[in-house]
Amino acid sequence: MRSPNNKPVRVAITGFDGLDNPHRGTPVARALRAGWNGPIEIDALGYDTHMTGAWMPGIADRVHVMPSAAEGDDTVFERVLEIHAHRPLDAIIPCLDLEIPVYARLSDRLAQAGIRTLLPPVESIYATSKLRLPKFCHDSGFAAPRTIHVLDLSDLALHADQFGYPLMIKGVVAGAKKVNDAAEAQLEAAKLDEKWGGGVLLQEIVIGEEYIAAAIAGPDGECHGLVPVRKLGVNERGKAIFGAVIDDPDIKKTAIKILSRANWRGPLELEFLRPTGSSKIYLVEINCRFPSWIMLSHWAGCNLPVLLLSEILQPNPLTAPTPKAGTSFVRDVAETVVPLTEYRKLQRFGSCTGTTACKPNGHLKQEKGFRVAVSGVSTLDVVNAGLGVARALRQAADVTAIYGLGYGTYDSGLFRSDLFDVTYRLPLSDDPDMLLQRLEAIHGETPFDVVIPCLDGEIPRFIAIRERLETLGIHCLLPDSKAFNQRCKTELFTGGLRADWGDFVIPDTVHARSEEEIVKAARRLGYPVVVKGPISLAIEAKNEEEACAAWGALRKAGCADALVQPFVEGERFAVAVVCGQDHRSLCAMTIKKLHLCDRGSTWSAIGVNEPKLESAFADFMKHIHWVGPGEGEFIRDQTDERFHLIEINPRFTAWIAFSGYTGSNHPYQTIRTALGQAVKPAADTDGLVFMRSCEDIPISTSAFSALVTKGTLRHG
Amino acid sequence: MSQRQYALKPRVALEGNAGEECVLVDTHSATLCACNGSAWIILNALKDGATTEKMVALIASAFAVDEDEARRDALDFIYRLTAMGLIDEKS
């Protein structure tokens, strides 16, 4: 739809935060940008400066901080009017579950002010909420998994035992976790109740295929657009991170019936399950807004956010195209930098300018230059560093080719044509010879000068084949096995290294191998403590019960032992370094972490000037004879202001693209050093804030097929 | 000699071109099957319907194999597609 006189349509959208569990405003804005026929301006509405999605290039024209919905409808309404008075809005698309009832209640007042919406009646939202869904399903004749609401968590064990394990524990607003026993159930229920309040829901687990559908109901309650999807890959939260559009008549029929029975208006997401060997469809959840994977509707040729906005502006339903079955997406991340001035402006004035122009990806490539292979290109569990390395290398003019190396067909980076020229699959094997064989074959097909491994687990294999790689003409910058092992947590914290390194300390640590030892260690150190796995996972425990639950969680994750440390309260920092063959630091960059996800990954950060910390960390790395990239993670104790070392990563950090944007470009310095060339990193530009946000990318059936059958995908 | 006619169900989409990546998509389930050259020839014939004899002839001429081998391949392929519920059979 085109607006009269080509005047831009102005739409406000909410929901730009969420980090690794992304809110839906960012993809809704992306879909409107991608599919709207005519000029459009987008105002991003959020609750603080950390709404990383709103800062991504090309998403928002303006960014505004809103009062919390808990402050009441009038406060929200007044703030919207304030924004509207500055630049009139044509429509609002709220995208957060908790906001939908607020905007639904405000819709008439907003309409009087000239701001249009298309939202369900409050009663419909209430009737289909997680708490009421079992009743809705029963009354409307839809099959649903057995679900009960436990308001008082002291009753949890009784109800959970009646269900049997495993079962799903869900927050009454959002969040879900599969639990395997009573201790895990109690732990997860407490977390969800603390976050959302109102107790938790227990739901039986039904084994089968999972489906999701996004839809729009018009003002008449009819379905005006529907995109059904099969979940092909889920993360540990059960969220789809890989999915494909389907043309399943039963799902479509059920979805249309639900819209009608719920008396729906506007967008929604439906979650279904079809038990294995059954044709019955279970309705698992109704979410009163678009899903986070809504960009898929654009790629499938049925852009639902565009249809919604058209419907809002001119209620006269367009015929929704049938989405193309087989169209797929995989979840990845986008990263950028934002001027600190704009960030501050948002903090102080509540509004600022967005980043509309897309940042060009690097300079004009030279004809001759470095060819680099980079591994660790997945976002499945955590964001792998290879993506940031490739992003930084794209900023260097004399890097002429970047090859992505992944292990699984779900490794999102393998599908990124903007970062990689060609991508390859590596063998899923611990055998270094198999890795060498594969790298040799890749080198034969597309020769490369340097390989940068970015996964902790694979680095020992690269160390083992380093000399043979050199004979093939493939260089790398890696430590030896002794140095690699010395920074492992079990060695680092209990290996006899001195505790005081000047500007930082190595915390007091107890190595424990049983629940009894964990409890004993925690009693010695005093609560709260952190119980860490030898490779990953760190769980805070405030008392003995939580310490035992933490040990249980580590055991379930396959840990045979754990490290117990005093919990240090304070801001988190990280120092990235690259060490040369003489173990001296060639470049260093320190960040203060501004926004972390539940898994502890950095989603926004600011560069800080900490020369003493960098120098102390460089001394430490020299002491353990480090070579290559590495990262030290620190907490600055809020009591005595001292830095406590909490981890050393034996590779680039996932936020290393930041160095590409600020100037020192650590991955580029690594290439030069690996090839024996002089390194002279540029000074880092101050005043930039690093931001990361989830970003779905499309996958064509031919690309997926090429990766599965040939193990190779050529981009461009 | 069987004169049974087979045809792909409407739920099946074929994507790609011979010589490139060729993929069969079951649109009901989003199941993808990568196809080799002989599979692609048969699938394209099955779009409009084909007998076993027609498939045997297509394979034999495209890959220079004898009729027995071509028949084995064709019947095996039909068996697989039937098991996946992707073709209709008409007498």
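## Getting oriented

Helices here are DSSP runs of H or I with at least four residues, strands are runs of E with at least two, and both are numbered from the N terminus. Residues are numbered from 1 along each chain as its sequence is written, while chains are lettered from A and ligands numbered from 1 in the order in which they are written. This is a predicted model, where local features need pLDDT of at least 70, side-chain atom pairs count only at pLDDT 80 or more, and totals for chains, interfaces and linings use all residues.

## Two cis prolines in chain A

Let's start with A:Pro166, found in the loop between α6 (156-163) and β6 (167-171) of chain A. A cis peptide bond links A:Tyr165 to A:Pro166, with omega about -5°.

A:Pro528 sits in the loop between α17 (515-525) and β22 (529-532) of chain A. The bond from A:Tyr527 to A:Pro528 is cis too, and omega is near -5°.

## Positive phi without glycine

A:Leu19 isn't a glycine, yet its phi is positive, near 55°. You'll find A:Leu19 in the loop between β1 (9-14) and α1 (25-35) of chain A. Is A:Leu19 buried or exposed? It's buried, with 23 other C-beta atoms within 10 Å; the cut-offs are 20 or more such atoms within 10 Å for buried, 12 or fewer for exposed, and in between for partly exposed, with C-beta atoms placed from the backbone.

A:His625 is another non-glycine with a positive phi, about 60°. Its place is the loop between α19 (611-623) and β28 (628-637) of chain A. A:His625 is partly exposed, having 14 other C-beta atoms within 10 Å.

## A look at chain B

Chain B has three helices and six strands, and along the sequence they run β-β-β-β-α-β-α-α-β. Its radius of gyration is 12 Å, close to the 12 Å from the globule rule for 91 residues, so chain B is as compact as a globular protein of that length. (That radius is taken over C-alpha atoms, and the rule is 2.2 Å times the number of residues to the power 0.38.)

Along its principal axes, the C-alpha trace of chain B spans about 35 × 30 × 20 Å. Buried residues make up 29% of its 91 residues.

## Where the chains meet

How many residues of chain A are in contact with chain B? There are 16, and they touch 14 residues of chain B; contact means C-beta atoms, placed from the backbone, within 7 Å. On the chain A side, β10 (223-234), β11 (240-245) and α22 (701-709) each supply at least two residues, and α22(A) gives the most, with seven.

Note on methods. Two residues are in contact if their C-beta atoms, placed from the backbone, lie within 7 Å.
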